[in-house]
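Please walk through this structure one region at a time, with the sequence and the model side by side.

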Amino acid sequence: MNRAWIESLPKIELHCHLDGSVHRSRIRAFLAGRGEALPADFDRRISVSEDCPSLTEYLRCFELPLRWLQTEEGLEQAVIDLLRDAEKENTRYIEIRFAPALHLEGGLSYDQVFRALERGRAQGEKETGVLCRFIVCAMRHHSEAQNLSVLEAAQRYFPDLICAADLAGDENAFPTTLHTAFFRRAQALGIPYTIHSGETGNKANIVTALELNAQRLGHGIAMAGDAELTERCRERGVGIEMCPTSNFQTKASAGWAEYPLKAYLAAGLKASLNTDNRTVSRTDLNREYLRAMEEGGCSRAEILTLLKNACDVSFAPAEWKRQYLKELAEYR
Ligand SMILES: [Zn+2]
């Protein structure tokens, strides 16, 4: 009963990485096309399970998909595949993340990467009716100059294709304080941003994100139990993009018993549910919502609040948001 209800809901996905969500069959075909044998541990090379030991192990699963995503055809197809997946689960709007600098190994320019995504989106939106925007990720281990160059290239595609910026990668080794110039520049350009913050215990990155006026936080788990930080986020209406399955796999959280989802909702935070990486985490958006109900103990009212929050903090056009909230209001 819960499943049918979850599936019927019009949904929004705010935190989904393109390279972590490519279809297994595409990578198999890519390797076969190059005459490479399928690695014996293929499944473990692209997806983790709940016994994944750490974020480091998790991040290894991006290597193979990124090899495929070095051509315009690959990028285009990956977007179409993802929009088809979104349509099947009744997701109406999706913000897809990608790091432009990770798609240049085959000789593509930033513009070629953006245009390939634009073509994939045009076909995918037309075919599925799912509305799609992209978030450009700077990488924590890249230099300030390299990340700023991504922003300069991306600004020409804002706001129709690119709706926001983000910072991804190893949070502890490369804290957000190293990248303040990137966000100051985004602010000057009028590009909003969400920042991966507090995924694996680093509360300082959440504090920095607030100082930088981030509109949203990716994960935000490290804030659990900190009343003052929670209140600061509530006051500003900062969106918290939660990704339960991924958070358990990376050991950001030990499990539902201590997962702060219901606590964040009770505190009035703009929390939402997301997949993070559909292929790496072996999940989809219906599964995240179903788990929140059946394992996390969320009520129907709380599920509807999560969707309303996602809409409120999304970077979707204002008119689209109004229509969506009108439709959502009919669900009980
Ligand atoms: Zn992420």
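**A guided reading of the model**

His219 has a relative accessibility of 0% and therefore counts as buried. The model is a predicted one, and the values given here are computed from it. His219 belongs to strand 6, which covers residues 216-219. Its backbone deserves a look: phi of His219 is near 80°, a positive value in a residue that is not glycine.

Asp276 sits in the loop between strand 8 (270-273) and helix 14 (285-294). With a relative accessible area of 2%, under the 20% cut-off, Asp276 is therefore buried.

The zinc ion has as its protein donors His15 (NE2), His17 (NE2), His196 (NE2) and Asp276 (OD), at 2.1 to 2.5 Å from the ion. What is the geometry of the site of the zinc ion, given the angles among its 4 donor atoms? Those angles run from 82 to 167°, and the site is irregular. Along the chain, the donors follow the spacing H-x1-H-x178-H-x79-D. His15 is in strand 1 (residues 11-17) and His196 in strand 5, so this pair ties together parts 181 residues apart in sequence. Both of these histidines, His15 and His196, are buried.

Glu199 touches both His219 and Asp276. Other contacts of Glu199 include Leu55, Glu171, Ile221, Ser246, Asn247, Thr250 and Ala252, where residues up to four places away in sequence are not counted. Glu199 lies in the loop between strand 5 (194-197) and helix 10 (203-211).

The next topic is the nonpolar interior. In soluble globular proteins, nonpolar side chains tend to be buried together. The largest nonpolar core here has 99 residues, and among these Phe114 and Ile303 touch the most other members. Helix 15 (residues 300-313) gives the most to this core, with 7 residues. Leaving out residues up to four places away in sequence, Ile303 touches Trp5, Ile6, Leu9, Tyr289, Ala292, Met293 and Cys298. There is also a second, separate core of 8 residues, and Val48, Tyr58, Cys61 and Val280 are included in it.

Several loop positions remain. Pro159 lies in the loop between helix 8 (144-154) and strand 4 (162-168). The peptide bond joining Phe158 and Pro159 is cis, with omega about 5°.

Ala173 is found in the loop between strand 4 and helix 9 (180-189). Its relative accessible area of 47% makes Ala173 partly exposed. Ala173 and His141 are 32 residues apart in sequence, and their C-alpha atoms are 8.3 Å apart in space.

Ser109 lies in the loop between strand 2 (91-98) and helix 7 (110-128). Ser109 is partly exposed, with a relative accessible area of 33%. Between Ser109 and Ala153 the C-alpha to C-alpha distance is 9.7 Å, and the two residues are 44 residues apart in sequence.

Key: Residues are numbered from 1 along each chain as its sequence is written. This is a predicted model: local features need pLDDT of at least 70, side-chain atom pairs count only at pLDDT 80 or more; totals for chains, interfaces and linings use all residues. Side-chain values use heavy atoms; hydrogens and water are left out. Helices (H or I, at least four residues) and strands (E, at least two) are DSSP runs, numbered from the N terminus. Buried means under 20% relative accessible area, exposed over 50%, partly exposed in between (1.4 Å probe, protein chains only). A nonpolar core is a set of buried Ala, Val, Leu, Ile, Met, Phe, Trp, Tyr and Cys residues joined through side-chain atoms within 4.5 Å. Contact means heavy atoms within 4.5 Å. Donors are N, O and S atoms within 2.8 Å of the metal (3.2 Å for Na, K and Ca); water is not among the atoms, so sites may look incomplete. Four donors count as tetrahedral if all angles lie between 85 and 135 degrees; four count as square planar and six as octahedral if opposite donors are over 155 degrees apart and all others between 65 and 115; anything else is irregular.
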